[in-house]
Amino acid sequence: MPQITRTVRIGSSHGLHARPAKLFAQAAKDSGIPVTIAKDAGAPVNAASILGVIALGLDQGDYVTITADGPHAEATVDALAELLTTDHDAA
């Protein structure tokens, strides 16, 4: 299986705080494949770890790189990228 990597910008106006981070981490966990997320050129963290994701301190407009490896990696990265680029704080 090929490794899939995509770089996206954080869309939530208040960054990736607890609620959107939980949605993202749960989706990564539910994918059943190894997924990492890294801020800029920083070290990647397990995307299924809400604490790891929150510890990245992601603000609106920050660039992150999502990497997935395994079956359905492309669909997983697509779904996770959509979660990250959506403004979950919009009224």
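**Exercise 1. Is Asp 62 buried or exposed, and which side chain does Asp 62 meet in a salt bridge?**

*Solution.* 
Step 1: Asp 62 has a relative accessibility of 17% and counts as buried, because buried means under 20%. Keep in mind that this is a predicted model.
Step 2: Now look for a partner. The side chain of Asp 62 meets that of Lys 39 in a salt bridge, at 3.4 Å from N to O.
Step 3: Lys 39 belongs to strand β2 and Asp 62 to the loop between α2 and β4, so the pair links distant parts of the chain, 23 residues apart.
Step 4: Lys 39 is partly exposed, with a relative accessible area of 24%.

**Exercise 2. By the salt-bridge rule, how many salt bridges does the count come to?**

*Solution.* 
Step 1: The rule asks for a side-chain nitrogen of Lys or Arg within 4 Å of a carboxyl oxygen of Asp or Glu, and the count comes to 3. Lys 39 with Asp 62 is one of them.
Step 2: Arg 6 and Asp 78 also pair through their side chains, at 2.6 Å from N to O. Arg 6 sits in strand β1 and Asp 78 in helix α3, so this bridge ties together parts 72 residues apart in sequence. Arg 6 is partly exposed at 27% relative accessible area, and Asp 78 is partly exposed at 36%.
Step 3: Asp 89 forms a salt bridge with Arg 19, and their closest N and O atoms are 3.8 Å apart. Asp 89 is partly exposed at 21%, as is Arg 19 at 43%.

**Exercise 3. Which residues have the most contacts inside the largest nonpolar core, and which element gives the most to this core?**

*Solution.* 
Step 1: The largest nonpolar core has 22 residues, and those with the most contacts inside it are Phe 24, Val 35, Ile 37, Leu 58, Val 64, Ile 66 and Leu 84.
Step 2: Two or more residues come from each of β1 (3-9), α1 (18-31), β2 (35-39), β4 (63-69) and α3 (73-85). Helix α3 gives the most, with 5 residues.
Step 3: Zoom in on Leu 58. Beyond residues up to four places away in sequence, Leu 58 touches Ile 10, Gly 15, Leu 16, Ile 37, Lys 39 and Val 64.

**Exercise 4. Which residues form a nonpolar patch on the surface?**

*Solution.* 
Step 1: Ile 50, Leu 51 and Ile 54 form the patch, with about 270 Å² of accessible area together.
Step 2: Take Leu 51, found in helix α2 (residues 50-55). Leu 51 is exposed, because its relative accessible area is 67% and exposed means over 50%.

Technical notes: Residues are numbered from 1 along each chain as its sequence is written. This is a predicted model: local features need pLDDT of at least 70, side-chain atom pairs count only at pLDDT 80 or more; totals for chains, interfaces and linings use all residues. Side-chain values use heavy atoms; hydrogens and water are left out. Patches are made of residues with over 30% relative accessible area and no salt bridge: like charges are joined within 9 Å, nonpolar side chains (Val, Leu, Ile, Met, Phe, Trp, Tyr) within 5 Å. Accessible areas come from the Shrake-Rupley method with a 1.4 Å probe; for residues, only the protein chains shown count as cover. Helices (H or I, at least four residues) and strands (E, at least two) are DSSP runs, numbered from the N terminus. Buried means under 20% relative accessible area, exposed over 50%, partly exposed in between (1.4 Å probe, protein chains only). A nonpolar core is a set of buried Ala, Val, Leu, Ile, Met, Phe, Trp, Tyr and Cys residues joined through side-chain atoms within 4.5 Å. Contact means heavy atoms within 4.5 Å.
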